Amino acid sequence: MSLRLVGLGLIFLSVVGYVGLARFLATQIIVNGAVVVTMYIGILSGKAISEPDRFGDTRVGRYLERRFMLNPVALDQTGMAAGLLIYLFALSIGIPLILMSWGFQPRDIEAWLFTMFTEVNVGSIQISVFGILGGILLFVLGLVGTRWFQKWLDGSIMARSQVDPGVRNSVRTAIGYLGTALAGLIGVSAAGIDLSSLALVAGALSLGIGFGLQNIVSNFVSGLILLAERPFKVGDWVATGTTEGFVRRISVRATEIETFQRQSIIVPNSELINASVGNWTHRNSLGRVDIPVGVGYDSDPRKVMAILEEIAQTHEGVLRNPEPFVIFDGFGASSLDFRLCFFIGDVLNARGVKNDIHVTILERFRAEGVEIPFPQQDVHLHVRSAGDARRPGETPGSGGPMLAAVNDLPGMSGDGLPGDETNGSLLR
């Protein structure tokens, strides 16, 4: 309907004598319409390609899938990037053609583009799109260089020098954060952003940090302390609060601890700094294992101690120096309590050694006739006769409380049941 109205308007202009204007408008409508339709077709093509699981159906998508062995997710992301490129191509070609059809010269368009990408003023701040893109590029290159340097230093220098894994993790983490900070400063400077103009923003952020982000700052500072002080390192067996397991990763915000059930616990660094942390492998992996043992009261304690010492001394996982020893802890409720103490070279193998020694103790005790009692209690019942419990003033032979209770019943005589001397004598 709108095109019909435009056509009628052009005919009317020609009839009234404005033939040149009608020709100009018709030419612009045809040329601009063709460009707009072409742009619209390009945008629809980009939209179709960027739809889920559609890029793989195209010839280009199948070629890229075979050439680079792309998985479905990577192929779908490639389709999204291809659709975005088609959008940009359609706009970058169509908009200049429309401007040129309206009489703008290519030099004017180039000047506008150069001004737009180099000198965009927002108030008193001058922004350069090219500068921002260059800053982003330098920041990405800085990150890539930092990751490469981390990998090279860890794999080629520290690994071949047999540096402790905990030290390697601390150095690698510190270099990563330092390189990221330097890349950020270089990128911001290359983007043309004056850092001095951010003083007001920094002041506002410091106020916000003081009130709302103090926990984050506390964890950050605690992480730096952990990386520098190294009270524990990656691979150590630690215990803090209700969490116990192996340290898998130390960052500046939190520490990842993997429990024996393979559950990852993320503990904030401030909790590890302010609370007590036990480290089984802080300086070495040497550790002591205690095994409580209870035997029957009729057992010979010296024989029991000799058996336990012999079991520990003959086990290949127990160290001979320091020597294993047995402690007689005391007299329990149901058993004589002993404690076998020995040292092992690697505390991480404690569970296996304890399991073997438990089985050996049970087998030796059964062979030697030593009893391992279970919890038991002796109950003694004291039964008193009826004549031993009398009321105050009651004489022996009066029948006791049982007879008195019977005599107190209504209708009962002092001798028992009414008129029944035999029953009365039996009760007495």
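Tutor: Start with Lys303, which counts as partly exposed at 35% relative accessibility. This is a predicted model.

Student: Why is Lys303 called partly exposed?

Tutor: Buried means under 20% and exposed means over 50%. Lys303 has 35%, so it counts as partly exposed.

Student: What makes Lys303 and Glu368 a salt bridge?

Tutor: The rule asks for a side-chain nitrogen of Lys or Arg within 4 Å of a carboxyl oxygen of Asp or Glu. Here the N to O distance is 3.7 Å, so the pair qualifies.

Student: Why is this pair said to tie parts together?

Tutor: Glu368 lies in helix H12 and Lys303 in helix H11 (residues 301–314), so the bridge links parts 65 residues apart in sequence.

Student: Is Glu368 buried, exposed or partly exposed, and how do you know?

Tutor: Its relative accessible area is 34%. The limits are 20% and 50%. Glu368 is therefore partly exposed.

Student: What makes Arg364 and Glu310 a salt bridge?

Tutor: Their side chains meet at 3.4 Å, N to O. The cut-off is 4 Å, so the pair counts. Arg364 lies in H12 and Glu310 in H11, so this pair ties together parts 54 residues apart in sequence.

Student: What links Glu368 and Arg364?

Tutor: A salt bridge, with the closest N and O atoms 3.7 Å apart. Both residues lie in helix H12, four residues apart, about one turn of the helix. Elsewhere, salt bridges that share partners join Arg288, Asp290, Asp329 and Arg339 into one network.

Student: How many salt bridges are there in the whole structure?

Tutor: A search finds eleven.

Student: Now Ile361. Is it buried or exposed, and how do you know?

Tutor: Ile361 has a relative accessible area of 6%. Buried means under 20%, so Ile361 is buried. Its place is in helix H12 (residues 350–368).

Student: What does Ile361 touch beyond its neighbours within four places in sequence?

Tutor: Ile361 is in contact with Ile291, Val293, Leu308, Ile311 and Leu340. Contact means heavy atoms within 4.5 Å.

Student: What does Leu308 touch, leaving out residues up to four places away in sequence?

Tutor: Leu308 touches Val293, Val326, Phe338, Leu340, Ile361 and Phe365.

Student: What makes a group of residues a nonpolar core?

Tutor: The members are buried residues of the listed nonpolar kinds, joined through side-chain atoms within 4.5 Å. The largest such core here has 22 residues. Leu308, Leu340, Phe342, Ile357, Ile361 and Phe365 have the most contacts inside it. Strand E8 (287–295), H11, strand E10 (336–344) and H12 each supply at least two of its residues.

Student: What lies apart from that core?

Tutor: Another core, of ten residues, including Phe232, Val252, Ile257 and Val267.

Student: How many residues does the protein have, and what share is buried?

Tutor: It has 428 residues, and 26% of them count as buried. The protein contains 14 helices and ten strands.

Definitions and conventions: Residues numbered from 1 in each chain as written. Predicted model: local features only at pLDDT ≥ 70, side-chain atom pairs only at ≥ 80, totals over all residues. Heavy atoms only, no water. Buried < 20%, exposed > 50% of the residue type's maximum accessible area, 1.4 Å probe, protein only.
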